[in-house]
Amino acid sequence: MLRKMIQPVIWNFLSTIYRYLLNRYLSVYYVFVQRRYKKIVLQVQKKEKIKVAFFLIHEAVWKYEGLYRLLEKDNRFDPLVIVCPYMVFTEENMLREMDQAYDGFLEKDYQVIRTYNKATNKWLDVKHQIKPDIIFYCVPHNITKAAYSIKYFLNTLSCYVPYTFQTTFHYQQNYNAFFHNVLWRAYYPSIIHYNMAVQYGLNKGRNSVLSGYPVIDRFLKFNSSGKKINKIIVNNNSKRAKKNIIWAPHHTIEGNGYGYDLHFSNFIRYHNFMKEIAIKFQEKVFITFKPHPALRPKLSDSNIWGVEKTEKYYSFWQENDFCALNQGNYLGLFEDSDAMIHDCDSFMGEYLSLNKPVLYTRRDDTVEERMNEFGRSALKMHYQARSEEEILKFIDEVVIPGVDPMKSNRTKFIGNFILPPNHMEASMNIFMDLKKSLDIN
């Protein structure tokens, strides 16, 4: 009995000592990494052309449009988008994601290449064939091949803009992973996020910069212009003005896969109801289904829905002319919309920047406990629903008549937490920081 009581005490003591020593070692290592970057900067700034690679996994998480175009116009930089594989689910899903991203970026006149060659079944050796000087990562997670991870490019200037506004309570995962601590530059969207990087990062945020969120640069322009878009939907060769609603469900269904501790998604509960709404209100609203990229492969798991049921559901939104499916770039979709219904943490800050009505479907009464300070503040700027009836009420009383009593509160929130610093767009803040850090004109 005594032995059983002592063993956990000894184990906890040894674990505490191990964590202490590991943190001490990592703290020293992270300082060393930042010092090494100073030497790399001296090498890079001497180059006539500085190669900037953007490692893209999902088209939907692209946040660098404005920055890419600024780099493209500057004769010192040579930007390139490199499409990397999403390795979490099936090969079929990986190839679909890569093809979608490559085709979409090629169509928009980006300089873009794939890392995988189907004809030869070979992967691109970015480190030795492309030799980038600066890499901007789109996601921090280990969801791609090791050859495209930050651990393989520790001698390259690495940068990152979070792919979401980061509303969850994953403080260690979002600010204190190896990835965040070894970055050369980490650009954060708000003062709240910057402070969390300083508080939770083992490197105390020494590589952190408050820049604003580049993906919403065009949203803020759109918002400040006062322009109101009422999209005309063409059905059966007749034009009818409708309210455009985005439905954006999260992927955290029933604790399946990554994000198991979030439990934000209400997709399973509302998937049939939203179809019914699309049909019932088709004369008044046009609903676009904008799922999280990870939702489809999770649903396709035989333990959830399976492939057949998933494809049938997605086909409903894609094939009917009174609704739509969007799985790629959503910037135009956001601008053309009149409102959003969602439970997706990624969109809590982004959509608010447009200052349009937005409804959050609550999975339970404790969602705030799974959010950080920014998430809790952003949630207060949302209309909220706990039932089908409250979703209908939002559509009937807010969206269709255009009555929006929360608009003034959102306006204040945007001014306090969303507008980028320095009276400049976030993309310009990042661009100017790059040039200043490299000491180039």
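This is a short talk through the predicted model shown above, from the whole chain down to a few single residues.

Okay, hi everyone. Some ground rules: residues are numbered from 1 along each chain as its sequence is written, and side-chain values use heavy atoms, with hydrogens and water left out. Since the model is predicted, local features need pLDDT of at least 70 and side-chain atom pairs count only at pLDDT 80 or more, while totals for chains, interfaces and linings use all residues.

Let's start with the whole chain. The protein chain has 17 helices and 17 strands; those are DSSP runs, numbered from the N terminus, with helices being H or I of at least four residues and strands being E of at least two. Its radius of gyration is 23 Å, close to the 22 Å that the globule rule gives for 441 residues, so the chain is as compact as a globular protein of that length. That radius is taken over C-alpha atoms, and the rule is 2.2 Å times the number of residues to the power 0.38. Along the principal axes, the C-alpha trace spans about 75 × 65 × 50 Å.

How much of the chain is buried? Of the 441 residues, 55% are, where buried means under 20% relative accessible area, exposed over 50%, and partly exposed in between (1.4 Å probe, protein chains only). As for contacts, meaning heavy atoms within 4.5 Å, take those with a separation of 6 or more: 71% come from residues 24 or more positions apart.

Now the cores. In soluble globular proteins, nonpolar side chains tend to be buried together. A nonpolar core here is a set of buried Ala, Val, Leu, Ile, Met, Phe, Trp, Tyr and Cys residues joined through side-chain atoms within 4.5 Å. The largest one has 105 residues, and Phe54, Phe55, Trp62, Phe136 and Leu438 have the most contacts inside it. Helix H1, residues 2-44, gives the most to this core, with 8 residues. There's also a second, separate core of 34 residues, and Val398 is one of them.

Val398 brings us to helix H15. Its 12 residues, 388-399, should span 16 Å at 1.5 Å a residue, and the end C-alpha atoms are 15 Å apart, which agrees. (The expected span is 1.5 Å times one less than the number of residues.) Which residues of H15 are buried? They are Ile391, Phe394, Ile395, Val398 and Val399.

Strand E15 is where you'll find Met340. Met340 counts as buried, at 0% relative accessibility.

Two more residues before I stop. Ser427 sits in helix H17, residues 426-438, and is buried with a relative accessible area of 1%. Not counting residues up to four places away in sequence, Ser427 touches Gly66, Leu67, Leu70, Pro214 and Asp217.

And Ile304: it's in the loop between helix H10 (295-299) and helix H11 (307-319). Is Ile304 buried or partly exposed? Partly exposed, with a relative accessible area of 28%. Its C-alpha atom is separated by 9.1 Å from that of Ile253, 51 residues apart along the chain.

Terms used: Expected span 1.5 Å × (residues − 1).
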